[in-house]
Amino acid sequence: MATTLEQYYQTKQQLNAKMAEGKFTNDQLLGYQELMYRISVLESCMMFLKTAPVSTDTGVLGFHYKVVDALFTCMLQERQFGLPADEKVKKQRATALENLQLVINSFRRPFQSFAPNTPEVYRETISKMITTVLPVWLQYRYTYIPF
């Protein structure tokens with residue numbers, strides 16, 4: 001079973017082929033742009049997982065966490081455009097954003113005074129954070145462009 005990122009790569013290949021053949025339509029522009037955005041976020045999160053320090057040095061851990069948190073902050077604020085929305089979809093978007101904020105904030109609290117007792121704790125915790133946030137973020141993104 002292909003991961004979401006692998007599925008996005010396949011979709012990107014298909015759309016790039018359409019572009020090369022001159023069969024890419026203006027209706028596909030917004031979807032392609034969203035696809036590229038989702039790929040960049042998922043790739044960034046993969047990189048964060050691979051580079052999460054195995055350490056108890058809070059200075060090292062703090063820097064890594066600040067970079068992760070900066071991406072999550074952007075995910076809450078950017079790309080709030082998509083297909084035209086009626087009141088029902090606007091409510092879905094608002095609810096999905098609230099859920100995403102709740103999930104991200106639930107992880108922020110423990111990091112305010114994070115003091116790992118073993119070197120592996122940070123990597124495990126950041127992994128749990130990312131793998132919990134991403135499905136909620138994708139659900140939020142689907143309210144804007146459902147593909």
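From the N terminus on, the elements run α-α-α-α-α. In this predicted model, the protein has 5 helices and 0 strands. Show the C-alpha trace of the whole protein to begin: along its principal axes the trace spans about 55 × 35 × 25 Å.

Next, colour the 147 residues by burial. Buried residues make up 36% of them. Contacts can be sorted by distance along the sequence as well. Among contacts with a separation of 6 or more, 79% join residues 24 or more positions apart.

**Select α4, residues 87–111**

Helix α4 has 25 residues. From its first C-alpha to its last it reaches 36 Å, close to the 36 Å expected at 1.5 Å a residue. Zoom in on the N-terminal end of α4, which is capped by D86. Here a side-chain oxygen of D86 lies 3.2 Å from the backbone nitrogen of K88.

Now show the side chains of α4. Which residues of this helix are buried? They are R93, A96, L97, L100, V103, I104, F107, R108 and F111. Look at the spacing of these numbers while turning the helix. An α-helix has 3.6 residues a turn, so residues three or four places apart point the same way. The cover over the buried residues of α4 includes α3 and α5.

The axes of α4 and α5 come within 9 Å and cross at roughly 170°. Angles over 145 degrees count as roughly antiparallel, and the pair α4 and α5 is therefore roughly antiparallel. On the α4 side, select R93, A96, L97, N99, L100, V103, I104, F107 and F111. Their partners in α5 are Y122, T125, I126, K128, M129, T132, V133, V136, W137 and Y140. By type, the residues of this contact of α4 with α5 are 14 nonpolar, 3 polar and 2 charged.

To see where they meet, select L61, H64, Y65, V68, F72 and M75 in α3. Across from these, in α5, are Y122, I126, M129, I130, V133, W137 and Y140. The residues of the contact of α3 with α5 comprise 12 nonpolar, 1 polar and no charged.

Conventions:
Residues are numbered from 1 along each chain as its sequence is written. This is a predicted model: local features need pLDDT of at least 70, side-chain atom pairs count only at pLDDT 80 or more; totals for chains, interfaces and linings use all residues. Side-chain values use heavy atoms; hydrogens and water are left out. Contact means heavy atoms within 4.5 Å. Helices (H or I, at least four residues) and strands (E, at least two) are DSSP runs, numbered from the N terminus. Ala, Val, Leu, Ile, Met, Phe, Trp, Tyr, Cys and Pro count as nonpolar, Asp, Glu, Lys and Arg as charged, and the others, Gly among them, as polar. The expected span of a helix is 1.5 Å times one less than its number of residues. Buried means under 20% relative accessible area, exposed over 50%, partly exposed in between (1.4 Å probe, protein chains only). A polar contact is a pair of N or O atoms within 3.5 Å; within protein, one must be able to donate a hydrogen and the other to accept it, and residues adjacent in sequence count only if both atoms are side-chain atoms. Axes are lines fitted to C-alpha atoms, for helices over the stretch in contact, and angles run from 0 to 180 degrees between N-to-C directions. Angles under 35 degrees count as roughly parallel, over 145 as roughly antiparallel, 65 to 115 as roughly perpendicular and the rest as oblique.
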